Amino acid sequence: MAGGDGRGLSTSEDHVDHYVVLGLPSGEEGSKLSLKEIEKAYRNQSRHRHPDKRPDDPNATADFQLLTSSFEVLRDETTRSSFDAKLRSRREKVFRDSFQDTKRRKMATDLEDRERAAAAVDPSEEVQRKERMKAQELKNEIADFKARRAKKASEQISGKQKREEKLGASLDKGRMLKVSWDRSAGDYEVAKLRENFERFGSVEDVVIRSKTSKNRASAIIVMTSREAMIRAAQSMGGHIANPLLVLPLEPIVPNFSSNSSVNQGESEFSNVVGAGFEAYEAFVMKKLQEVNVCSLH
């Protein structure tokens, strides 16, 4: 053998288990084997592993040399005792390493368990937390929706009020008419109202007033002349199924210098404005509905 440590064991064989090389049990069981059992095992292995028995195996010689080296170690009491001590040292080291690994694994597992326990949330609490979050989100959405609706309604009302105020401040009320109709029978748009009243003269503006009643609607019609306003006031137009009630916005003061037909129209409406305007409007609207029902039948 090339090189050695004084016990017939080469430095390349430091980690060889000589018991295993001879086909014997190792560890504590191997240390209890007798010399005769070791010699018998060597003879049996030699017959099978001799290079002459394996001419085609390029590793046969090296293997047989290892077999012989292991036998030399185990047949000598001193070298065998030293080898047994080395095996015990190896086993103890493996055990210590295994113990340390087990301890480290347990520590790591305990740490992970503690972290999971700290991060864990009671399922019922988690459900309640999610429900509270959803309820708050819904509450916020409803609040935002209501705020947008209120803002939009406020802007619409404000816009119409400003427009009506502007009309009242800048226009001659003597050219203005209040038009009412029954909403349940149908509604009128600005374009349709303008079309109806342009038969009596030029229409300067049409403003549908803010809804103040569930069943009735009204609008302000601004004619370009007082004469056109009077002609329109003398007529009750609109669709046959939903006629319009047309009244001047201000009392008509009779003008005897005018022609008789105009004077007659002015005097006819001079008594239906002022304090009794609303009552008269409701009365006429009811009569219109009754007449409309009879005409349909």
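Before I turn to the model, one definition: the expected span of a helix is 1.5 Å times one less than its number of residues. What I am showing is a predicted model, in which local features need pLDDT of at least 70 and side-chain atom pairs count only at pLDDT 80 or more, while totals for chains, interfaces and linings use all residues. Residues are numbered from 1 along each chain as its sequence is written, and side-chain values use heavy atoms, with hydrogens and water left out.

Let me begin with the overall picture. The secondary structure comes to 10 helices and 6 strands, where helices (H or I, at least four residues) and strands (E, at least two) are DSSP runs numbered from the N terminus. Of the 297 residues in the protein, 29% are buried; buried here means under 20% relative accessible area, exposed means over 50%, and partly exposed lies in between, with a 1.4 Å probe and protein chains only. If we take the contacts between residues at least 6 apart in sequence, 64% of them join residues at least 24 apart, a contact being heavy atoms within 4.5 Å.

Now to the helix for which I gave that definition. Helix α3 covers residues 35-49, and its 15 residues, at 1.5 Å a residue, should span 21 Å; the end C-alpha atoms are 21 Å apart, so the expectation and the model agree. Which residues of α3 are buried? They are I38, A41, Y42, S46 and R49, and because these buried residues fall within an arc of 135 degrees when seen down the axis of α3, they line one face of the helix; the arc is that of the directions from the helix axis to the C-beta atoms. On the other side of α3, K36, K40, R47 and H48 are exposed.

Helix α4, residues 60-75, can be treated in a similar way: its 16 residues should span 22 Å at 1.5 Å a residue, and its end C-alpha atoms are 22 Å apart, which agrees. The buried residues of α4 include F64, L67, F71 and L74.

How is the largest nonpolar core made up? Such a core is a set of buried Ala, Val, Leu, Ile, Met, Phe, Trp, Tyr and Cys residues joined through side-chain atoms within 4.5 Å. The largest one has 20 residues, of which L177, W181, L193, F197, I221, M223 and L244 touch the most other members. At least two residues are supplied by each of β1 (176-182), α7 (190-197), β2 (203-208), β3 (216-223) and α8 (226-233), and the largest share, 5 residues, comes from α8. A second, separate core of 16 residues includes Y19, I38, F83 and L87.

In α7, the buried residues are L193, N196 and F197, and seen down the axis of that helix they fall within an arc of 90 degrees, so they line one face.

I will finish with three loop residues. R183 is found in the loop between β1 and α7, and at 18% relative accessibility R183 counts as buried; a polar atom of its side chain lies 3.1 Å from the backbone oxygen of R216. P25, in the loop between α1 (18-21) and α2 (27-31), counts as partly exposed at 32% relative accessibility. Leaving aside neighbours within four places in sequence, P25 is in contact with Y19, G30 and L33. Lastly, Q234 lies in the loop between α8 and β4 (238-239) and, at 41% relative accessibility, counts as partly exposed; Q234 and F200 are 34 residues apart in sequence and 10.0 Å apart in space, C-alpha to C-alpha.

Terms used:
A polar contact is a pair of N or O atoms within 3.5 Å; within protein, one must be able to donate a hydrogen and the other to accept it, and residues adjacent in sequence count only if both atoms are side-chain atoms.
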